[in-house]
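Q: I'm new to this one and would like to walk through it slowly. Could you put it up and start with a loop?

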Amino acid sequence: MKSIDGLISKIIPFSCVDGPGSRMVIFLQGCNFDCINCHNPHTIGHCNHCGECIEACEQQCLQLVNDKLVYNPTNCIQCEKCIDRCPRSSNPTSRYYSVSEIKQQILKVVPFIGGVTFSGGESTLQYEFIIEVAEMLHDDPKTKHLSIYIDSNGSLPISKWKLLHNHYDKAMIDLKSINKSEHKLITGRSNKNVVATIHYLVDQQKLHEIRYLLIPQLNDTLSDASELVNFMISIKASINLKLMGFQQHGVRSPYNTQYKAATLADIERFSEKLSKRGLTNISLVKPLF
């Protein structure tokens, strides 16, 4: 059977914010949500080889060969001007990696990490690739100790989560809003699968944390707090809720000016609303900007 390749936007060898401990993070390209608050919008789309990005690259790392965009990383200085030019919210420097290529990347840093996190974009759109990488890691004595975490928007159907079951340790789910209409406004999609995913992961003891990105004057009202607390209580588990703040940096126009950045005070005020309603497992992430 032919091995599946994964379309990858970026690999970060060491991260301390994408799961417990030091981890390699593999950002998979492509997302089925179109979030107005997305801080990685270049991971949403797939390149259609239009060539719009070529002129933006002053290092001449991009060219069209037989109507296909080809990226040569030799002289790339990671200026991301090509990403800024892309009209499809894609990453011209993304490329397909084989499972063996990913293994070689992991082996370079394996003494210094405790696990691997698949992020994105939406990582579970490439769940078959995740399964193959996980099997490879588990079969090798040098890597079988590594934990595998999945960072997801929760949209994957339960039937596919069941296929993944033996191939990851924990998942981290981004909950944009528990309110149905609000979630549709933020993401363009229903939160039905997200809610079902969270309940399923709790039942399977596979949920590490729920992440909530606070957008001032959008999903930070008293009603939002009450609905969120009721939902957290309904899952009947002591799951950590991580509160993060929307930042304008990296967000697409016009949303980078339409919504104001969340300050630490904004996050603390919303946390207090949750606490007053009985929620205690809350952690706050201090804004970087």
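Predicted model: local features only at pLDDT ≥ 70, side-chain atom pairs only at ≥ 80, totals over all residues.

Q: OK, and what's the peptide bond from serine 253 to proline 254 like, cis or trans?

A: The bond that runs from serine 253 into proline 254 is cis, and its omega is near 5°. Another cis peptide bond joins glycine 120 and glycine 121, this one with omega about 25°.

Q: Where is glycine 121, then?

A: Glycine 121 belongs to the loop between strand 6 (115-120) and helix 3.

Q: What about backbone angles, say phi of asparagine 66?

A: Asparagine 66 has phi near 55°, which is a positive value in a residue other than glycine. For background, most residues other than glycine have a negative phi. Asparagine 66 is placed in the loop between strand 3 (62-65) and strand 4 (68-71), and because its relative accessibility is 72% it counts as exposed (exposed means over 50% relative accessible area, buried under 20% and partly exposed in between, with a 1.4 Å probe and protein chains only).

Q: And what's phi of glutamine 205?

A: Phi of glutamine 205 is also positive, near 55°, and glutamine 205 is likewise a residue other than glycine. Glutamine 205 lies in the loop between helix 6 (192-203) and strand 9, where its relative accessible area of 65% makes it exposed.

Q: Switching topic: how many aromatic pairs does the structure hold?

A: The structure holds 4 aromatic pairs, which are rings of Phe, Tyr and Trp (its six-membered ring) with centres within 6.5 Å, called stacked if the planes are under 30 degrees apart, edge-to-face if over 60 and tilted otherwise. One of them is formed by tryptophan 161 and tyrosine 168, whose ring centres are 5.8 Å apart with the planes at 55°, so this pair is tilted.

Q: Is tryptophan 161 buried or exposed, and what about tyrosine 168?

A: Tryptophan 161, at 0% relative accessibility, counts as buried, and tyrosine 168 counts as buried too, at 3%. Tyrosine 212 and phenylalanine 270 form a stacked pair, with 5.5 Å from centre to centre and 5° between the planes. Because tyrosine 212 lies in strand 9 (residues 207-214) and phenylalanine 270 in helix 9 (residues 264-276), that pair ties together parts that are 58 residues apart in sequence. Both tyrosine 212 and phenylalanine 270 are buried.

Q: Which residues in helix 7 meet helix 9?

A: From helix 7, Leu222, Asp224, Ala225, Leu228 and Val229 meet Phe270, Lys273 and Leu274 of helix 9, where contact means heavy atoms within 4.5 Å. The axes of helix 7 (residues 222-234) and helix 9 come within 9 Å of one another and cross at roughly 50°, which makes helix 7 oblique to helix 9.

Q: At what angle do helix 2 and helix 3 cross?

A: Helix 2 (residues 99-109) and helix 3 (residues 127-139) cross at roughly 50°, with their axes coming within 10 Å. Val99, Ile102, Lys103 and Ile106 on the helix 2 side meet Phe129, Glu132, Val133, Met136 and Leu137 on the helix 3 side.

Q: Is lysine 108 buried or exposed?

A: Lysine 108 is placed in helix 2 and counts as exposed because its relative accessibility is 59%. Between the C-alpha atoms of lysine 108 and threonine 74, which are 34 residues apart along the chain, the separation is 20 Å.

Q: Last one: what does arginine 95 touch?

A: Not counting residues up to four places away in sequence, arginine 95 touches Gly6, Leu7, Ile8 and Glu101. Arginine 95 is found in strand 5 (residues 95-97), and at 36% relative accessibility it counts as partly exposed. Arginine 95 and serine 123 are 28 residues apart in sequence, and from C-alpha to C-alpha they are 15 Å apart in space.

Terms used:
Residues numbered from 1 in each chain as written. Heavy atoms only, no water. Axes fitted to C-alpha atoms, helices over the stretch in contact; angles between N-to-C directions. Helix = DSSP H or I, 4+ residues; strand = E, 2+ residues; numbered from the N terminus. Parallel < 35°, antiparallel > 145°, perpendicular 65-115°, else oblique.
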